[in-house]
Amino acid sequence: MTTAAAGTHEITVLSRLAAEGATGALHGGAGALYLADGAVVHAESPVVPDVGWRLTAGGRLSPEVWEEAVAEGGPGYRAGSFLVEHGRLSRGELELCHLSALFDAAYVLLSPLDGSQRAPERFLKEARHWLGPVRPVPVAMLEAEVRRRRTLLEQAWPWADVDSAPVVPVPGAAAPGPGATRPTCGRLAVLGAADGVRTPAQIARVLGRSVFATLLDVRRLTAEGLVRAPSAAAPPPGDPRPGVSPLPEISLLYRIRDALEAL
């Protein structure tokens with residue numbers, strides 16, 4: 001089963017659980033999705049930086065404060081609420097970080113980066129996550145976001161092999177000549193962390209950033225010729241898509257996005 005087909009199958013499973021108003025955890029080799037009354041309340045994957053990693057890696061919380069929240073609030077499935085109630089985070093900060101981690105992990109779960117990974121298929125009724133509900137996401141909204149992200153990746157570079165392969169910079173390509181477009185700050189960070197061994201998911205963890213954003217940057221870098229494409233992902237002769245420069249307005253949107261991510 002292809003990645004797209006596997007993702008479609010699991011989205012169908014999610015839709016059924018949503019219609020049933022199910023509460024529990026949908027487990028697979030790439031992680032788990034937690035539902036409450038048919039809505040997704042949490043998603044986790046070992047390859048995706050979780051809420052704690054994002055908050056501590058960015059310096060918003062110290063590791064000690066995060067560990068305190070897990071120890072004190074976790075047993076009652078309310079570690080997130082503990083942070084807000086004790087003034088460690090505002091409710092808005094918690095929701096923003098939680099949703100970022102949820103959508104990131106959900107994408108990886110429903111579109112496994114490694115074809116050998118088993119997609120979620122085992123549902124444990126009434127299972128709950130120690131973080132506790134923060135901002136439930138309707139399954140229909142999650143499905144739409146997963147499809148949107150797949151489309152963005154396909155438009156950037158249509159071969160998924162780069163998603164799980166080591167990122168290998170092309171020697172000398174990162175120094176464009178006069179008049180050439182320089183990579184944005186986000187893509188420069190990815191290039192800086194690329195050592196020919198790390199995969200996009202590993203680079204995301206090193207940088208403490210979204211796996212999806214890193215995947216997108218890697219595909220764009222590949223299309224720009226700054227990252228070597230795996231042999232299985234080499235474009236067929238005469239296919240112009242990867243070599244076509246993005247339209248000016250698309251480039252502007254990319255720069256705006258990268259500037260916002262850097263704030």
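A charge counts as sitting over a ring if NZ of Lys or CZ of Arg is within 6 Å of the ring centre and within 35 degrees of the ring normal. Keep that handy for this predicted model.

Q: How do you know that the charged end of Arg205 sits over the ring of Trp53?
A: The charged end of Arg205 is 5.3 Å from the ring centre of Trp53, and the distance limit is 6 Å. Arg205 therefore counts as sitting over that ring.

Q: Which residue lies over the face of Phe212?
A: That's Arg149, at 4.7 Å from the ring centre.

Q: Why is the pair of Trp66 and Trp130 called edge-to-face?
A: A search of the whole structure turns up three aromatic pairs. In the one formed by Trp66 and Trp130, the centres are 6.0 Å apart and the planes make 65°.

Q: Why is Trp66 called buried?
A: Its relative accessible area is 11%, and buried means under 20%. Trp130, at 32%, counts as partly exposed.

Q: How do you know that the buried residues of H8 line one face of the helix?
A: Pro200, Ala201, Ile203 and Ala204 are buried in H8. Seen down the axis, the buried residues fall within an arc of 160°, so they line one face. Their cover includes helices H7 and H9.

Note on methods
Residues numbered from 1 in each chain as written. Predicted model: local features only at pLDDT ≥ 70, side-chain atom pairs only at ≥ 80, totals over all residues. Heavy atoms only, no water. Phe/Tyr/Trp six-rings, centres within 6.5 Å; stacked < 30°, edge-to-face > 60°. Buried < 20%, exposed > 50% of the residue type's maximum accessible area, 1.4 Å probe, protein only. Helix = DSSP H or I, 4+ residues; strand = E, 2+ residues; numbered from the N terminus. Arc of directions from axis to C-beta. Contact = heavy atoms within 4.5 Å.
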